[in-house]
Amino acid sequence: MRVPLPLPALAAAARAAGALSRVAGAGGGTTLPGKLLWKLDPGAVSKLAGRLPQGVAVLSATNGKTTTAAMTAAILEPRARLAHNSAGANLVSGVASTLLAANGAELGLFEVDEAALPEVTRLVRPRVLCLSNLFRDQLDRYGELELIAERWRSLVRQLPEEVRLVVNGDDPQLGALVAERPGAVVFGVDDPSQARSGGLQHAADSKHCVRCGAPYTFHAAYVGHLGDYECPACGHRRPPLELAARSIELHGLDGASFDLHAPEGTQRIRLRLPGLYNVYNALAAAALSRALGASLDEIAAGLERFAAAFGRFERIAIGDRRLLMLLIKNPAGANEAIRTLVAGGGPSLALVALNDAIADGKDVSWIWDVDFEPLLDGLGRVVVTGDRAAELALRFKYAGFDPGAIEVLPDLEQGLDRALAATPAGGELVLLPTYTAMLALRRIVSRRGHVPQYWQAA
Amino acid sequence: MKIVVGHLYPEYLNIYADRGNIAVLARRAAWRGHELEVRPISAGAAIEPGVHDLLYIGGGQDREQALVAHDLAGKRDQVLAAAAGGAAVLAVCGGYQLLGRFYRFADGEELPGVGLFPLHTIAGERRMIGDVLLEVELEPDERRTIAGFENHAGRTKLDEGAEPLGRVVAGFGNDGESGAEGCRVGRALGTYLHGPLLPRNPWLADWLLAQALAHRSGGEPPSFAELDDGLEREAHAVSARRARARGGR
């Protein structure tokens, strides 16, 4: 039998465990306190969330969760003290840890793992729920895309009346939710000049009508299967957009800007992050913040201030060289990172890191669905590293890249040093790591004194 | 020589990096002075007799698989004729299931299959996910290993006397209990293994290419000169290690 401790005592014990984990060098301790709290009293998460005077906002997506949440935080920080899982710990344990650490917070802002979303939503009872995209991700962990989509559909059906739902209408799976939830806020891109010229890319997922199975006609495909779709057979189409990005300009690796159209007006948004996928992230952050009461002026100011979430287009100075880190974790996200790099000129040297821990996906076949090919034209040399470096080497070899120009160094530190040594002084090294490789590489450069530990930076 | 590959439903069944398999076939053919031409065979299109030296069908999510099952069942005689005429076949995951006799869902509903492979598949509760290592003997006394990744809920049961592709050294295989993985009928191979399958098992790609060339020439499968497969061996070793660490079934 379990004897329940009072919440403050539980919370104190769990926090102490997190501090101990950091001191012991076991990592950021971003999930340990939450795991303990969860074990000691499963009801504590709801109680802690219930104490936030301005309530909780939750967002989920396959791609862009961390960046979107960080953008939303930049918009909302002047308005409220946030409890925000900014280090990306997005399972129940991470949310619980954040709640524990957030003394005096007024508003909860949580990015949540796709599979964990139903449970977290049930526990923290958000005011606003933002669903931003669904791509094929780590099939070994989640089963299949359709399974997640079905869980989300049933979650939306069971949402209490008062919860505001915010969805990306450009994703057919999410756009279809609007039929079940009148009053949902729909956002999307409305700028055919930014549509992909070749139509849908190889890794596009929701190519067939969610209602009848016929192939969609895409009037415009922007990122993967996100776009302006219409089913020629049954007529299912993108719902009308309440918030839209128009007149988009992409400025290479330096940023992007667009007009944010809302019923109350239009505001030019200037982002310091590049790429169309970050326009989507900014749109989601804008729609979410607006549902929480932010004005268009506040949204524009917050997004303009925002630089980068850790590991996502993050620049780190290492002596007289710079590291440009772009997290890759699934085909759609990686394709956009590569598309953005190529638009900015494309690197002549790249360091690519592939691990296969649970958080990376134990099934590495996804790298074959990534369009690395556009990168190869300008690339003279690639250093592959991580536990599955050899598999990456094969990906490049069978893409037609000269095997003699591929260096295989499974040890991350050796891979990093080799690539840095090949980077000219004053130059920038492009690094494309999977999730745990990103954390480990960040730990290496932080140990050398180049970046703050992420749990301190956040 | 030109090798014509018929890729069945590439727009629907492409989930487990099937284009990695195609890329490996294309490059390894080219390195031997052959040209691989890949022709998509979409829903509604017919498989013209004798044209394809190799038929390839990949995996899809349940939804996509259901969409193509009925179209494929309509091509039943064409697929059987191609295989009987000596064309090589590689079917991976969902495509492997669909080339069996039928796939039965938990509620009893059935998707029709082609019946090239003497087997059927029944949906299971728990997905079987992880690295797999097989021992195979496609040619007498040539023992080889195949390393790959499996992710399937279906339990595939081979008919009495049917020949599996290989014996499971580590992983689940067809059904998690028989110790068998995949199925072989002459030059037709079906398997749950992706990863993708061919980059880290280049000898298997070469075997398929040789069978396809035999179909084209009407003669015996040629033997190829060795290539530098150092990277492939390394990737195979890592995958095999993962499977062994995972242990038996």
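Predicted model: local features only at pLDDT ≥ 70, side-chain atom pairs only at ≥ 80, totals over all residues.
Helix α6(B) has 17 residues and reaches 25 Å from its first C-alpha to its last, close to the 24 Å expected at 1.5 Å a residue. Chain A holds 17 helices and 17 strands, and buried residues make up 63% of its 458 residues.

**Helices α6 and α1 of chain B**

- Along α6(B), the buried residues are B:L231, B:E232, B:A235, B:H236, B:V238, B:S239, B:A240 and B:A243.
- Helix α1 of chain B, which covers residues 18-31, has 14 residues and reaches 20 Å from its first C-alpha to its last, close to the 20 Å expected at 1.5 Å a residue.
- In α1(B) the buried residues are B:D18, B:G20, B:N21, B:I22, B:V24, B:L25, B:R28 and B:A29.
- These buried residues of α1(B) pack against strands β1 (2-8), β2 (35-41), β3 (54-57) and β4 (88-92) of chain B, and also against helices α5 (202-217) and α6 (230-246) of that chain.
- After α1(B) comes B:G33, whose phi is positive and lies near 85°.

**Backbone geometry in the loops of chain B**

- Most residues other than glycine have a negative phi, and most peptide bonds are trans.
- B:C93, although not a glycine, has a positive phi of about 55°; its place is in the loop between β4 and α4 (94-98) of chain B.
- With a relative accessibility of 7%, B:C93 counts as buried, because the cut-off for that class is under 20%.
- B:D141 is likewise not a glycine and has a positive phi, of about 65°, and B:D141 is found in the loop between β7 (119-139) and β8 (142-158) of chain B.
- The peptide bond that joins B:G195 and B:P196 is cis, with omega at about -10°, and B:P196 has its place in the loop between β12 (188-191) and α5 of chain B.

**The packing of α10 and α11 in chain A**

- Helix α10 (residues 276-291) of chain A packs with helix α11 (residues 296-305) of chain A at an angle of about 140°, and their axes are 10 Å apart.
- Angles over 145 degrees would count as roughly antiparallel, and at about 140° the two helices α10(A) and α11(A) are therefore oblique to each other.
- The crossing that α10(A) makes with α11(A) is right-handed.
- From α10(A), the residues A:A282, A:A285, A:A286, A:S289 and A:R290 take part in this contact, and they meet A:L296, A:I299 and A:L303 of α11(A).
- By class, the residues of the contact between α10(A) and α11(A) divide into six nonpolar, one polar and one charged.

**Contacts and individual positions in chain A**

- Among contacts in chain A between residues at least 6 apart in sequence, 70% join residues that are at least 24 apart.
- A:E428 lies in strand β17 (residues 428-433) of chain A, where a relative accessibility of 26% means that A:E428 counts as partly exposed.
- Leaving aside its neighbours within four places in sequence, A:E428 is in contact with A:R315, A:R322, A:L324 and A:T423.
- A:E428 and A:R270 are 158 residues apart along the chain, and their C-alpha atoms are separated by 24 Å.
- A:P240 is found in the loop between β8 (226-230) and β9 (243-251) of chain A, and A:P240 is exposed, with a relative accessible area of 73%.
- Between A:P240 and A:P347, which are 107 residues apart along the chain, the C-alpha separation is 39 Å.
- A:A87 lies in the loop between β2 (82-84) and α5 (92-101) of chain A, and at 13% relative accessibility A:A87 counts as buried.
- A:A87 and A:T98 are eleven residues apart in sequence, and they are 9.7 Å apart in space from C-alpha to C-alpha.

How values were computed: Residues numbered from 1 in each chain as written. Chains lettered and ligands numbered in written order. Heavy atoms only, no water. Axes fitted to C-alpha atoms, helices over the stretch in contact; angles between N-to-C directions. Helix = DSSP H or I, 4+ residues; strand = E, 2+ residues; numbered from the N terminus. Parallel < 35°, antiparallel > 145°, perpendicular 65-115°, else oblique. Left-handed = near helix turned anticlockwise from the far one by under 90°. Contact = heavy atoms within 4.5 Å. Nonpolar A, V, L, I, M, F, W, Y, C, P; charged D, E, K, R; others polar. Expected span 1.5 Å × (residues − 1). Buried < 20%, exposed > 50% of the residue type's maximum accessible area, 1.4 Å probe, protein only.
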